[in-house]
Amino acid sequence: MLETLLPILIFAALALAVIGAGRRVRLWRQGRPSPVPILKGLAAMPRRYLVDLHHVVGRDKVMSNTHVATAGGFVAAAVLMILVHGLGLAEGVLGWLLLAASTCMFVGSLFVARRRRNPPARLSKGPWMRLPKSLMAFSLSVFLITLPTVGLLPEDFGSWILAIVLAAVLVWGLGEMFFGMTWGGPMKHAFAGALHLAFHRRPERFSTRQSDREGKGSVTNARGSTALKALDLDDHDAPLGVAKPEDFTWNQRLGFDACVQCGRCEAVCPAFAAGQPLNPKKLIQDMVLGMTGNSDAEFAGSPYPGKPLGEHQGQPGGPIVVEAGGALLDADTLWSCTTCRACVEECPMMIEHVDAIVDMRRHLTLERGQTPGKGAEVIDNLIATDNPNGYAPAARMHWAADLNLPLIRDLGQVDVLLWLGDGAFDMRNQRTLRALVKVLRAAEVDFAVLGDEERDSGDVARRLGDEATFQRLARANIATLAQYDFQTIVTCDPHSFHVLGNEYGALGGDYRVRHHSTFISELLDEERLALGGWKGGSVTYHDPCYLGRYNGEYEAPRKVLGALGIEVKEMQRSGFRSRCCGGGGGAPTTDVPGERRIPDMRMQDVGETGAELVAVGCPQCTAMLEGVVDATAEVRDIAELVADALLDEGSVASSPGAGGRKGTGIPAEEVSA
């Protein structure tokens with residue numbers, strides 16, 4: 001009986017799966033065009049799945065091994081089942097291989113069941129709770145049905161009743177594994193996820209080294225792998241950002257469908273932890289609702305903090321955000337994001353949450369003019385004065401009136417262009433800049449600055465969704481830089497470092513950019529700096545998001561601190577899992593309220609180490625952490641620590657006005673003033 005029934009069941013399930021796959025593909029293709037190399041992507045999929053994807057999954061060793069056993073066993077069992085029971089090719093070792101594959105899958109499903117017995121809060125419940133039973137039903141029924149095939153049981157073993165029971169259990173498993181994979185259900189991520197890896201919006205992500213993503217390497221990320229995609233502002237038919245689900249590109253929509261709802265993004269999101277109305281996992285699921293049209297009432301995971309389920313509705317062709325509420329998202333959900341990229345770093349399906357959020361912000365800012373809080377004022381200031389605080393551009397160099405800094409327009413050619421950033425207008429960051437100038441002069445670096453020719457890099461405008469202002473600032477800076485000859489740009493601002501090095505390239509600006517911690521590390525390697533030993537207390541280090549997760553630089557700052565004789569007391573969340581300070585993505589200007597402040601949580605992380613000082617490498621991080629009330633640790637930039645430790649004063653002129661392109665120093669008391 002089973003010999004007749006099995007091929008019918010198997011090929012019926014396959015036919016339904018193919019029909020469902022076609023429906024799903026048509027759903028994705030309703031998005032905007034996005035050219036991808038189809039054959040090249042499909043050819044790259046196995047490596048991306050087996051190496052790049054499992055590198056991230058492998059951070060949880062138990063679940064990594066569980067996934068290998070369950071998913072690997074299923075793929076092998078499904079193929080062998082079609083050959084053995086569908087096509088009747090049971091001769092030789094195929095039947096035995098099918099028994100091994102189904103056994104492997106069953107063992108994996110036991111671990112899945114254990115995981116689901118008392119799941120962590122980040123995991124979605126609902127339909128996912130039936131998944132272990134479905135995995136067991138498929139693997140166990142295939143195993144039992146195969147036993148007579150290999151001669152371990154008589155071919156006429158049991159009765160027709162047993163045959164019907166086994167067939168029913170197999171149908172249960174086939175329904176979840178095949179039908180549910182393409183029509184909807186917990187296994188949907190397997191089908192969508194495989195194609196998402198093949199047609200990923202950022203194929204360059206797969207060329208980054210594993211050591212960089214784990215925080216063990218230097219800045220070798222593929223250029224632009226974390227850069228926001230530029231809008232074509234000359235295409236008057238293209239939408240300015242994303243207003244409705246169909247405005248996303250088709251492979252972005254595919255990526256949303258690939259979500260496995262593991263909640264790793266939720267667990268690391270600083271806004272969610274702070275009680276702000278953002279949960280990156282739910283946001284991705286809301287994008288799926290926008291494609292298919294439904295309410296979020298059935299969402300089986302954590303809601304946005306302060307926003308109960310059932311109040312939001314999505315529909316194809318409908319708006320994602322409306323002023324009166326009741327649409328797919330509320331605007332404050334989008335503005336809660338700090339763009340720290342922690343969610344993207346943790347996602348085992350490599351979904352790009354930040355891209356989607358900024359795309360939707362672009363619509364709110366460019367089309368509606370609805371940038372909240374002080375965000376609108378910041379954009380107005382950038383338009384009027386080329387800096388976010390509205391200062392007169394000529395005031396950019398006032399902090400250095402006594403330093404006689406060389407201007408590149410007077411020299412034309414230098415080795416290093418020092419990019420000041422808008423920290424030049426901030427009294428606290430001016431101390432960092434003065435320290436960095438002292439270090440450069442002690443190492444006799446041939447450097448100069450742009451002076452009042454420098455404009456804001458455009459980072460905050462782009463993250464707030466004002467692509468037009470970003471591109472205007474970027475093109476103006478690119479035109480200015482084109483006038484001069486230099487080898488390297490050095491900056492103490494990771495946001496400027498990222499934008500200049502990774503995002504200007506799409507607009508014609510291709511530069512060698514170094515964060516000051518990397519450059520100081522290189523100077524130490526060249527033995528151009530003599531440093532005294534550290535005489536202070538215990539130190540921890542805070543990894544800036546735009547230096548670490550965006551650009552893979554974790555080693556250089558620690559190397560510099562080590563050269564000072566500092567043994568870093570690492571926070572529990574450090575390296576690629578560092579907690580954001582709350583200062584990125586324009587979040588301090590939009591200022592969405594939550595239950596607590598993100599920098600307060602980060603300072604609590606510092607306090608848990610017992611460190612007396614937290615070393616930083618970003619002006620935004622400095623401002624956010626120094627703004628914490630009752631902080632237990634002092635905040636100092638790496639450049640300040642190095643400047644204080646300099647021993648070789650012989651090459652430093654006694655007067656800051658002594659001039660020259662090399663060797664002009666700053667008295668130590670001015671650095672710490």
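Reader: Does Gln261 count as buried or exposed?

Author: Buried means under 20% relative accessible area, exposed over 50%, and partly exposed in between (1.4 Å probe, protein chains only). Gln261 has 13% relative accessibility, so Gln261 counts as buried. The model is predicted: local features need pLDDT of at least 70, side-chain atom pairs count only at pLDDT 80 or more, and totals for chains, interfaces and linings use all residues. Residues are numbered from 1 along each chain as its sequence is written, and side-chain values use heavy atoms, with hydrogens and water left out.

Reader: Where is Gln261 found?

Author: Helices (H or I, at least four residues) and strands (E, at least two) are DSSP runs, numbered from the N terminus. Gln261 sits in the loop between helix 9 (250-257) and helix 10 (264-268).

Reader: What is the phi of Gln261?

Author: Most residues other than glycine have a negative phi. Gln261 has a positive one, near 55°. Asn404 also has a positive phi, near 50°. Asn404 belongs to the loop between helix 16 (375-385) and helix 17 (408-411). With a relative accessible area of 39%, Asn404 is partly exposed.

Reader: Which residue with a positive phi follows helix 22?

Author: Glu527, with phi near 55°. Helix 22 (residues 516-525) is mostly covered, with 8 of its 10 residues buried. Among the buried ones are His516, Phe519, Ile520 and Leu524.

Reader: Now the core. Which residues of the largest nonpolar core touch the most other members?

Author: In soluble globular proteins, nonpolar side chains tend to be buried together. A nonpolar core is a set of buried Ala, Val, Leu, Ile, Met, Phe, Trp, Tyr and Cys residues joined through side-chain atoms within 4.5 Å. The largest one here has 151 residues, and Phe138, Phe178, Met360, Trp399 and Leu529 touch the most other members. Helix 1 (residues 2-28) gives this core its largest share, 8 residues.

Reader: What does Phe178 touch?

Author: Contact means heavy atoms within 4.5 Å. Leaving out residues up to four places away in sequence, Phe178 touches Ala13, Leu14, Ala17, Phe74, Ala78, Met81 and Phe138.

Reader: How is Phe138 placed relative to Trp172?

Author: Their C-alpha atoms are 7.2 Å apart, and 34 residues separate them along the chain. Trp172 lies in helix 6 (residues 160-183). Trp172 is partly exposed, at 44% relative accessible area. Beyond residues up to four places away in sequence, Trp172 touches Lys133, Ser134 and Ala137.

Reader: What is the relative accessible area of Tyr504?

Author: Tyr504 is buried, at 0%. Tyr504 is in the loop between helix 21 (494-503) and strand 6 (513-515). Its contacts beyond four places in sequence include Asp456, Phe470, Leu473, Asn477, Val499 and Tyr511. Glu311 is 193 residues from Tyr504 in sequence and 41 Å away in space, C-alpha to C-alpha.

Reader: Next, packed helices. At what angle do helix 2 and helix 3 pack?

Author: Two packed helices are described by the angle between their axes and the distance between the axes. Axes are lines fitted to C-alpha atoms, for helices over the stretch in contact; angles run from 0 to 180 degrees between N-to-C directions. Helix 2 (residues 38-57) and helix 3 (residues 61-86) pack at about 140°, with axes 9 Å apart. Angles under 35 degrees count as roughly parallel, over 145 as roughly antiparallel, 65 to 115 as roughly perpendicular and the rest as oblique. Helix 2 and helix 3 are therefore oblique to each other.

Reader: What is the hand of the crossing of helix 2 and helix 3?

Author: A crossing is left-handed if the near helix is turned anticlockwise from the far one by less than a right angle, and right-handed if clockwise. Helix 2 and helix 3 cross in the right-handed sense. Tyr49, His54 and Val57 of helix 2 meet Met63, Ser64, His67, Val68 and Ala71 of helix 3. This contact divides into 5 nonpolar, 3 polar and no charged residues. Here Ala, Val, Leu, Ile, Met, Phe, Trp, Tyr, Cys and Pro count as nonpolar, Asp, Glu, Lys and Arg as charged, and the others, Gly among them, as polar.

Reader: At what angle do helix 18 and helix 27 cross?

Author: Roughly 45°, and the axes of helix 18 (residues 427-442) and helix 27 (residues 638-645) come within 8 Å. That makes helix 18 and helix 27 oblique to each other. Their crossing is left-handed. Residues of helix 18 including Arg428, Arg431, Leu436 and Val439 meet Ala639, Glu640, Val642 and Ala643 in helix 27. The contact has 6 nonpolar, 1 polar and 4 charged residues.

Reader: Which residues is Asn429 in contact with?

Author: Gly423, Ala424, Cys492 and Pro619, leaving aside neighbours within four places in sequence. Asn429 is part of helix 18. At 5% relative accessibility, Asn429 counts as buried.
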